[in-house]
Amino acid sequence: MKFIDFFAGIGGFRRGMELAGHECVGFCEFDKFATASYISMHLLTDEQRKTLEDIPIKKRQKEILKEEYRNGEWYANDIRRVYAGDIPKADCWCFGFPCQDISVAGKQVGFQGSRSSLFFRVMYLVGQLEEENKPNYLFVENVKNLLSVNGGWDFARLLIEMERSGYDAEWQVLNSKDFGVPQNRERCFIIGHLRGRSTSKVFPIEGTDGKNSVSLKLFGCLNGRNSQRDRVYSSDGLAPTISTKPGGNTEPKIAIPVLTPDRAEKRQNGRRFKDNGEPMFTLTRADIHGVAIEPTGFNCVPNGTCNQGIFVQVSEELTVYAVWYEKYQCYIAIRKLTPKECFRLQGWTDDYFEKAEFVNSDSQLYKQAGNGVTVTVIEAIARKMNVNLN
């Protein structure tokens, strides 16, 4: 089916939907840096990319925003200035509307905030369409706190608004860690079914841990494929990826997710360090994420000096500072995750990251990963929607 990608970011919805066989016919995104990544990742031809390679990255960021690089695909940069009649006809509208006013990390003003209230702008546009032009599905994503902010009244308003527009809603909280990536990321997903045209339920989606409000099955292998968990790690050691499995000459056995490694007092979910083997904290645009690992290439027998920090030469190019970790009886060294690793934690393959890196700095890439949806979760839902079309 054809779909529109609103509040598109770098296109996590798009990629997941495309992997399930659906076709994007247009997108809307306000942030110019995210738009640059989106065009580079999804729309740019090989010939256009070669042309842009010779341009400095600052100029490249501006150049790629020109209409010619979208190759005929519909685009709008501000949903507040979109007219319903200009939107291409589509079977599904996808949108993860802004969560800043809803998230527990924000002020939690809910739909009273100027950003999260943009949900109602989308519903206004739906209401302006003739019945035959309305999308069969509304595919919505937001933070888990959407269900409880302002005592649950905002979520009730959302459901009422969808009902008034002719849509019956179903929803489920899904965690990215159950869909092949080692990141603890709970998000609320909502499917709106246009009454009379879209009736088959999409939820429950398999792959959850059974803690949601619907009956669920435990996670096996998503869509019959192996988990992507191993792809996030590598046997190459510290950089560019994390390793928790033996391989090559390096066999680190400890990989502890760390939140904001350069700010000792920072807390998320009540703690700054997780335990070995746990998934990464939820990626956000604001927090810095790191990993504490056991450095390789040296041995230490615990003695009276092991509680002192030491410098460990990992390779000719890399020396790290390590401290003794009593719990695991080994030295550990902390480093930031790379932007590429953050993209991997959101289910992106490296070729898509490299296309985003083509037009953006590391600081923007970190934000884009934190703001996005997890591709593997979108794909799982989109495949269930695909089944319902047959």
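This is a predicted model: local features need pLDDT of at least 70, side-chain atom pairs count only at pLDDT 80 or more; totals for chains, interfaces and linings use all residues.
Buried, as I use the word today, means under 20% relative accessible area.

H5 is mostly covered, with seven of its ten residues buried. Those are Leu118, Phe119, Phe120, Val122, Met123, Leu125 and Val126. What covers them? Among the elements over the buried residues of H5 are E4, E5, H6 and strand E6, which runs 167-175.

Take H6 from that list. H5 spans residues 118-127 and H6 spans residues 153-164; the two pack at an angle of about 10°, and their axes are 10 Å apart. Angles under 35 degrees count as roughly parallel, so H5 is roughly parallel to H6. On the H5 side, the contact uses Phe119, Phe120 and Met123; on the H6 side, Arg157, Leu158, Glu161 and Met162. Sorted by class, that is five nonpolar residues, two charged and no polar ones.

Now the largest nonpolar core. It has 36 residues, and the members touching the most others are Met17, Cys92, Phe139, Ile381 and Met385. Which elements supply at least two residues each? They are helix H1 (12-19), strand E2 (23-28), helix H2 (32-42), strand E4 (92-95), strand E5 (137-143), strand E7 (186-194) and helix H11 (375-389). H11 gives the largest share, six residues.

A separate core has 34 residues, including Ile87, Ala90, Phe119 and Val140. Phe119 we have already met, in the contact of H5 with H6.

Last, Cys92. Leaving out residues up to four places away in sequence, Cys92 touches Met1, Lys2, Phe3, Ile4, Met17, Pro135, Tyr137, Phe139 and Met385.

Conventions:
Residues are numbered from 1 along each chain as its sequence is written. Side-chain values use heavy atoms; hydrogens and water are left out. A nonpolar core is a set of buried Ala, Val, Leu, Ile, Met, Phe, Trp, Tyr and Cys residues joined through side-chain atoms within 4.5 Å. Buried means under 20% relative accessible area, exposed over 50%, partly exposed in between (1.4 Å probe, protein chains only). Helices (H or I, at least four residues) and strands (E, at least two) are DSSP runs, numbered from the N terminus. Contact means heavy atoms within 4.5 Å. Axes are lines fitted to C-alpha atoms, for helices over the stretch in contact, and angles run from 0 to 180 degrees between N-to-C directions. Angles under 35 degrees count as roughly parallel, over 145 as roughly antiparallel, 65 to 115 as roughly perpendicular and the rest as oblique. Ala, Val, Leu, Ile, Met, Phe, Trp, Tyr, Cys and Pro count as nonpolar, Asp, Glu, Lys and Arg as charged, and the others, Gly among them, as polar.
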